[in-house]
Each structure stands twice: as structure tokens, then as C-alpha cells.
Amino acid sequence: MSISTSAGVFDAIEAGPPEGRPVLLLHGFPQTGLVWQRQITALAAHGYRVVAPDQRGYSPGARPERPEDYRMSLLVDDVVAITEELGWTAFDLVGHDWGGAVAWWTADAHPDRVRTLTVVSTPHPGALATALRTDEDQRSRSQYMLDWRETPATEERMLAHDAQLLRALYAGKVPQDSADAYVRHLSRPGALTAALNWYRAGRPDGKIGIIDVPTLYVWSAKDSAFGRAAAQETERWVDGPYRFETLQDVSHWIPEEAPESLNRLLFEHLRTHGE
């Protein structure tokens, strides 16, 4: 489906009955809404109405050129615009990686609209900021963000030799057909630059606060990007009902590497905090 907003046209995967309880799924880098295919299938089969958009820059119809057009406040505005176009006054929000960061900020800015929050991998931004100040392990894990933001030739390096470096990010944890689809998508003119502009947009404008909505945070012990310190610190940034789950022997790519475990936790969360 296509979703037209004032910011552009977003491509999206949709499933489930139109009258079902609405769930919005936000992907991260370097993927698309396809990352949620196992969650989409399961949610739709249980009667939920599911939409997984390709976010700003990933959708060709919503791809501004300037890095500053990818700042966090605009990404949150996209979530609001998409859900308003869908006619959703309230919805369950799920995000992974960068999509998780957008989900945290959206729940903070619009708690009246977010029925429940589920974040996969990404700690609360305040918890991550604390870890970056106090934990050498997290500073080391986050070095790649600086490299991608400050190196103009990142796109060329990632796409060289049949996108060898881009493919290496999935590290055999993502199904091959999905990895091929991501590479094809990001190899199109301007697509990878737009995706990297999320890193180049600068610090978020404003400060994020304590989250009041019911929150599930799922972290994996073998996540290369986010360490234990930030994951455990996240609890201090949620006042609403909170559940923290750690998946052992799972890498950063939880939705595709451990879909059954994630689906079980997600369904428990949604059912606990129903209508």
C-alpha cells in the first residue's frame, strides 16, 4: 500500500482485518518494513490490523536530500501523519533499531495516542546517553555511528563488490532472501545515502522524558550495537508498566533471528494491555 502525507508518500506492508486493533511496526537500518514479515503474519492471523511502512528515506516518495530533514522530530511527525492518514486515533507501536528510537520518542511526545510500546534492541535514548558517558563498552559499540556519520564515502564502501560490507552487517542472521531484498532496495540511486542521513541528521532537537505508556523492551545478549549497561538502565526511564526481556544467544537482528520468541512476548504484552 501507499500512504500519502504532507511529508511524501510512504510505501508500506499491510495485513489483517481493517477493523482489527491497529499496530504500527517501524524498521531500522539497513532494512525495510520487510523485517517484520514474521510478526505481520502472526499479528494478522490473530485479528490485528498491521501496517509496516518503509520510513523516511527508505520510501522513494518520501526521500528528502538534506541530512537535517531526517532529524528526530520529523521522524516522529511521520508516525503521526501516517497513523492519521490511516484513521488511527490510538495504536500499538513497535520499533526495532532506529525504528525503536523513533518509537521511544513518539511514545514520549504522544502518550495519548500510543496504547502500548514495544521496543526491540534499542534502549531508551536517555539510558543510551548515560551509558555513552559512563560505560567504555558502550562507547566502543557506538563508534560505528560516528564513522558512518563523518565518512563521506561510506555509501561507496558499503556497496562495493556486490555490497560486501552491507551484506556483512546481516552476518548470516537474516534470511538470505531478505538480505538480498535489502541490498537491492538500498542499491537504488539515493537510497543508501538517505538511510545514512538518519545518522548524519545531528542530535535530536529537544529532550526525551520518562515514558508513561505500557512498555515492553526486548534486548539480546549478543547485540553488537547496544550493551548491557544501556539495556539495564532503560528501566529508570519508564514509569508505566514495564517488562524487560533478554534473549540469550541472539544477535541484534531479533525480529528475523528469533521471531517465535519475539512474537510470544509481543502477544503477551498486547493481551496484557488490551482495549
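1. Since six of the six residues of β5 (residues 91-96) are buried, the strand is largely enclosed by the rest of the structure.

2. This is a predicted model, in which local features need pLDDT of at least 70 and side-chain atom pairs count only at pLDDT 80 or more, while totals for chains, interfaces and linings use all residues. Residues are numbered from 1 along each chain as its sequence is written, and side-chain values use heavy atoms, with hydrogens and water left out.

3. Strand β3 (residues 22-26) runs parallel to β5 and is joined to it by four bridges, with Gly95 of β5 as the bridge partner of Leu26. Six bridges join β5 to β6 (residues 114-120), again a parallel arrangement, and Leu93 stands opposite Leu117 of β6. Strands are counted as paired if DSSP finds at least two bridges between them; strands (E, at least two residues) and helices (H or I, at least four) are DSSP runs numbered from the N terminus.

4. Together β5, α3 and β6 form a right-handed β-α-β unit, right-handed meaning that, with the strands pointing away from the viewer, the path from the first strand over the helix to the second runs clockwise.

5. The largest pocket has a volume of about 1000 Å³, and of its 34 lining residues Leu128, Leu132, Met145, Arg203 and Pro204 lie nearest its centre. A pocket is an open set of points on a 1 Å grid over the protein atoms alone, where a 1.4 Å probe fits, with protein on both sides within 12 Å along at least five of seven lines, and lining residues have an atom within 4 Å of a point. The volume is the space filled by probe spheres set on the points.

6. Helices α2 (72-86), α3 (98-109), α4 (125-134), α6 (143-150) and α9 (191-200) each supply at least two residues of that lining, and α4 gives the most, with seven.

7. The second largest pocket has a volume of about 260 Å³ and is lined by 16 residues, with Leu169, Ser224, Ala225, His252 and Trp253 nearest its centre. Both α6 and α7 (154-170) supply at least two residues each to this lining.

Technical notes:
Buried < 20%, exposed > 50% of the residue type's maximum accessible area, 1.4 Å probe, protein only.
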